[in-house]
Amino acid sequence: VRLVGSEMCIRDRFKPAAVFIGLRYFFAGQRSALLVSFISMLAIAGLVLGVALLIIVLSVMNGFDRELRNNILSVVPHVQLIHQSGIADWQSERAKIVQIDKVTEAVPYADAKGLISRQQNARPVQLLGLSAEAIPAGLAAVLKKHDLAIPSQGRILLSEVIADGLNAVTNQRISIIFPAENNRSTVVHSFVVEGIFATHTELDQSLVIASLQQVAEIAGIPNRAQGFRLQVSDQFNARNIGFEIINQLPFGYGFRDWFQTHGNLYQAIQLSRNMVVLLIFLIVAIAAFNVISMLMMSVMNKRKDIAVLQTLGLSRGDIVSLFLVQGSMIGVVGITLGVLLGVLGCYWVADLVSWFEALLGTSFLDTEVYPIDYVPVDLRWADVSMIAGIALALNVVATIYPALRASRTVPADELRYE
């Protein structure tokens with residue numbers, strides 16, 4: 001009876017010992033085995049890098065999504081109304097359209113596609129004609145930033161990309177070649193460059209801005225507007241809203257929405273986001289399961305210690321708890337450092353990319369390939385919490401098997417020759 005009572009007393013005293021010994025194994029016990037220590041550091045390093053990369057990459061992909069919504073779609077019409085014969089009295093027609101529910105902005109426009117050339121350099125462009133009476137809010141913000149306005153007759157605004165490609169500067173004369181009405185010949189128009197702007201989006205590859213009146217004449221509808229560029233309240237429901245608007249307008253209107261012009265860009269961003277997140281998530285999973293190797297090595301190295309602890313009264317549950325604590329500490333330390341590194345990386349990644357671009361004299365993001373020419377970052381704490389939680393859960397799952405294996409140690413077998 002005394003023996004049983006003493007054993008129960010020892011077990012009661014050792015109930016917090018599982019946590020204490022697990023922490024001791026993590027902080028100090030690894031010094032007794034170089035290989036185990038190396039594997040432990042490797043597991044922690046894998047978690048740190050995986051969690052940090054996942055936070056940074058997810059924040060960058062969120063940034064691309066945000067820029068598409070807030071930047072690109074501010075200068076691209078959500079719905080583009082096109083009239084088959086042009087609109088003579090666009091002022092009164094615009095007043096009716098802005099009264100339609102869900103329409104937040106209606107801007108008259110005319111456009112013409114051509115080939116801009118200077119000194120044997122040429123590239124295709126879209127000449128967009130706008131009226132100074134009604135400017136799209138997104139483009140108005142861009143022009144205001146560069147202290148520009150809608151140009152007068154015979155003058156144009158060039159994007160920085162086009163100006164750099166043609167080596168053009170302000171107040172220079174430049175030619176644009178357009179197809180004639182019969183499409184069998186061409187017409188050349190000469191313009192003076194009034195200013196240079198940059199949207200920092202893929203629009204910079206082709207956008208040239210001129211007056212509405214002049215572009216309408218080039219398009220063969222003088223003194224008319226070709227249609228309206230509309231912004232709507234729900235940009236991701238633009239197609240259905242477009243059909244609702246057409247049903248409320250007189251005959252002659254057609255439309256196209258931004259999904260037709262830039263929908264592939266949005267889908268590419270979403271696909272890239274999902275694939276990159278999946279790949280880096282697998283890296284986190286592999287790093288978490290490195291804990292299995294580390295704990296199995298630790299169990300093999302500490303079999304006699306486990307046997308002694310069992311003889312002192314620790315139950316199988318206590319042994320399981322001991323190694324769960326040791327494995328969980330690896331996860332907590334690795335994930336905490338990974339979160340800190342990832343959050344700091346989100347603040348530094350844009351500057352780091354700019355530094356590398358300046359160092360190497362190249363541009364990693366070119367609007368010929370990417371939708372924008374800078375690295376956007378949108379750090380969301382909900383994503384950080386989700387990443388940390390999933391990584392910790394994977395780490396805890398990875399510790400279960402080694403902990404159960406340790407609990408099956410038979411003291412008599414391990415201490416037989418001691």
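1. Buried residues make up 48% of the protein's 418 residues. Buried here means under 20% relative accessible area, exposed over 50%, and partly exposed in between (1.4 Å probe, protein chains only). This is a predicted model: local features need pLDDT of at least 70, side-chain atom pairs count only at pLDDT 80 or more, and totals for chains, interfaces and linings use all residues. Residues are numbered from 1 along each chain as its sequence is written, and side-chain values use heavy atoms, with hydrogens and water left out.

2. The protein has 13 helices and nine strands. These are DSSP runs, numbered from the N terminus (helices: H or I, at least four residues; strands: E, at least two). Take the contacts between residues at least 6 apart in sequence: 80% of them join residues at least 24 apart. A contact means heavy atoms within 4.5 Å.

3. Look at Leu81. Leaving aside residues up to four places away in sequence, Leu81 touches Ile97, Tyr109, Leu230 and Phe255, among others.

4. There are four aromatic pairs. Rings of Phe, Tyr and Trp (its six-membered ring) pair if their centres lie within 6.5 Å; planes under 30 degrees apart count as stacked, over 60 as edge-to-face and the rest as tilted. Phe243 and Phe255 are edge-to-face, because their planes lie at 85°, with ring centres 5.1 Å apart. Phe243 sits in helix α8 (residues 238-247) and Phe255 in strand β9 (residues 253-257), 12 residues apart. Phe243 is partly exposed, at 47% relative accessible area.

5. Trp258 and Phe259 are stacked: centres 4.1 Å apart, planes at 25°. Trp258 is buried, at 0% relative accessibility, whereas Phe259 is partly exposed at 27%. Ring pairs join Phe236, Trp258 and Phe259 into a cluster.

6. Ser363 lies in the loop between α11 (316-360) and α12 (381-407). Its relative accessible area is 42%, so Ser363 counts as partly exposed. Ser363 and Tyr374 are 11 residues apart in sequence and 9.3 Å apart in space, C-alpha to C-alpha.
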